[in-house]
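This report covers selected local features of one protein model. Please keep the sequence and the coordinates at hand while reading.

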Amino acid sequence: MKKKPLAITASAAALSLLLAACGQGGAENTGAEGNAADAASPKIKLSIWHNFSGDDLRAQAVRAQIDKFKTEHPEIELDAQAIPPDGYRQRLKTVAAADEMPDVFFTQSGTSIKEFYDGGLIQPITPLLDQYPDWKNNFIPGSLDTLSFDGQVYATPLSGSATSFLFYNKSLFEQYNVKVPTTWDEMMTAVKTFNDNKITPISLGNKASWLAQSSIISSLADRVTGTEWFKKAVAQDGAKFTDPEFVQALSLFKELADAKAFQNGFNSLDNTQMEQYFIEGKAAMMIDGAWALTNMAASGTEEQLKQVDVTILPSVPGGKGDPNSMSGGSGGGLALSKHVEGDQQKAALDLIYTVSGPEAMEAIANSNSIVTYNVEPDQTKVMPLFYKAFNLYKSVKLTPVYDAYLTSSATEAVNNGLQEISMGGNPEDIAKKIQEAQARELGQ
């Protein structure tokens, strides 16, 4: 029997039920009851973890994109958790060990995302990039490399990683007639002059122990060893962290600490406190990453920000690395758990695009944050310091950030070792610990 479309009336609905009960038809339920059933269907549940928990403009921009997705998709029940950066990586490791990853989660590029890939915990998002070719093709060449494996992309960078800007207070340099350092000797002269005048030379907050590694030693060591040596040492193929050039790099960091370049108690301060200390004019310099730009834009006054300028670390005598460089590359991005599939997978990919797509890239750039995407920041929205730093970032060679390449145990050895050196530790002993950790984790 040929079935007619059901009218949205009570009698038609009753008739359809009667026909179904008598076995007279299997017409699709497209009437009022069907709509009611659809409305009663459970929402798609989706979880996202990220570490954009602060009040800085970049964190606000990322959270705004998540909120936008939530507003535009009432059919999705989104559980969004913003976890402070200092404990974020450990939280991810804990759930990874139990294979209970959130559906979508922020992960750093390099070693961090590789661990999730090696553990079979994530799935590629290449189909999403293929769906939006204009988005895919506007990433700066090489941006996706440290987020890709075996020809597949597993995340796109939410920001550019630039970890070793040298920020300096122009007023203090002018007041004490100090030259902005471009060589190591000039750096040590500046440290002495500011100490003699009771001004902290360099603001540092190394409580979480990663800052000195990411912002100072990554660039400083590359100045000494060159990038190729580092890559060989990481692979344990033709170079070791006990080699003289790396010990020299650690010794230069010790030279800064011994000269009292940093404020008292710097291993008890976090990077937010360090940035506040600098922006308030209590220190002449600060070696920090691009994240400092958005933090200072959020917390500094217009007058304070006018005093700040930016450059790169000075060259070192006899160094094998390119002095016109800084440690950096692609930042982290949103990865997709291997367990997500079906309608939940479609929703997750939509979420990733909302938070990482062209509109988001523009919003993040305009939050005074560097991105590895072809977008021109709106100069009416960003501070002049950011615009200068962004152009500086694009003009220099980018060298590896240590914790994006080292194994987890070697990264920990570097982080803890720099704290030890700053309190009088021996560079040779620390180099040995780093070498042993890297070799052990590589099975050598």
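This is a predicted model: local features need pLDDT of at least 70, side-chain atom pairs count only at pLDDT 80 or more; totals for chains, interfaces and linings use all residues.

Lys240 sits in the loop that runs between α11 and α12. Leaving aside residues up to four places away in sequence, Lys240 is in contact with Trp229, Ala233 and Gln435. The C-alpha atoms of Lys240 and Ala431 are 9.0 Å apart in space, although 191 residues separate the two in sequence.

The loop between α11 (227–235) and α12 (244–258) also holds Gln236. Gln236 has a positive phi of about 55 degrees and is not a glycine. As a general point, most residues other than glycine have a negative phi. A second case is Ser209, with a positive phi of about 70 degrees, again not a glycine. Ser209 is placed in the loop between β9 (200–203) and α10. Are these residues, Ser209 and Gln236, buried or exposed? Ser209 has 10% relative accessibility and therefore counts as buried, since the cut-off for buried is under 20%. Gln236, at 13%, is likewise buried.

| Residue | Relative accessibility | Class |
|---|---|---|
| Ser209 | 10% | buried |
| Gln236 | 13% | buried |

Rolling a probe the size of a water molecule over the atoms shows where empty space is left. How many cavities of 30 Å³ or more does the structure hold? There is 1. Two or more of the lining residues come from each of α9 (184–196) and α10 (210–225). By class, the lining of the largest cavity has 8 nonpolar residues, no polar ones and no charged ones.

The last topic is a pair of strands. Strand β1 (residues 44–50) and strand β2 (residues 76–82) run parallel and are joined by 7 bridges. Between β1 and β2 the chain passes through helix α3 (residues 57–72), and this β-α-β crossover is right-handed. Within the pairing, Ile48 has Ala80 in β2 as its bridge partner.

Definitions and conventions:
Residues are numbered from 1 along each chain as its sequence is written. Side-chain values use heavy atoms; hydrogens and water are left out. Two strands pair if DSSP finds at least two bridges between them. Helices (H or I, at least four residues) and strands (E, at least two) are DSSP runs, numbered from the N terminus. A crossover is right-handed if, with the strands pointing away from the viewer, the path from the first strand over the helix to the second runs clockwise. On a 1 Å grid over the protein atoms alone, a cavity is a set of points where a 1.4 Å probe fits but cannot get out, and a pocket is an open set with protein on both sides within 12 Å along at least five of seven lines; lining residues have an atom within 4 Å of a point. Grid points are joined across faces, edges and corners, and a volume is the space filled by probe spheres set on the points. Ala, Val, Leu, Ile, Met, Phe, Trp, Tyr, Cys and Pro count as nonpolar, Asp, Glu, Lys and Arg as charged, and the others, Gly among them, as polar. Buried means under 20% relative accessible area, exposed over 50%, partly exposed in between (1.4 Å probe, protein chains only). Contact means heavy atoms within 4.5 Å.
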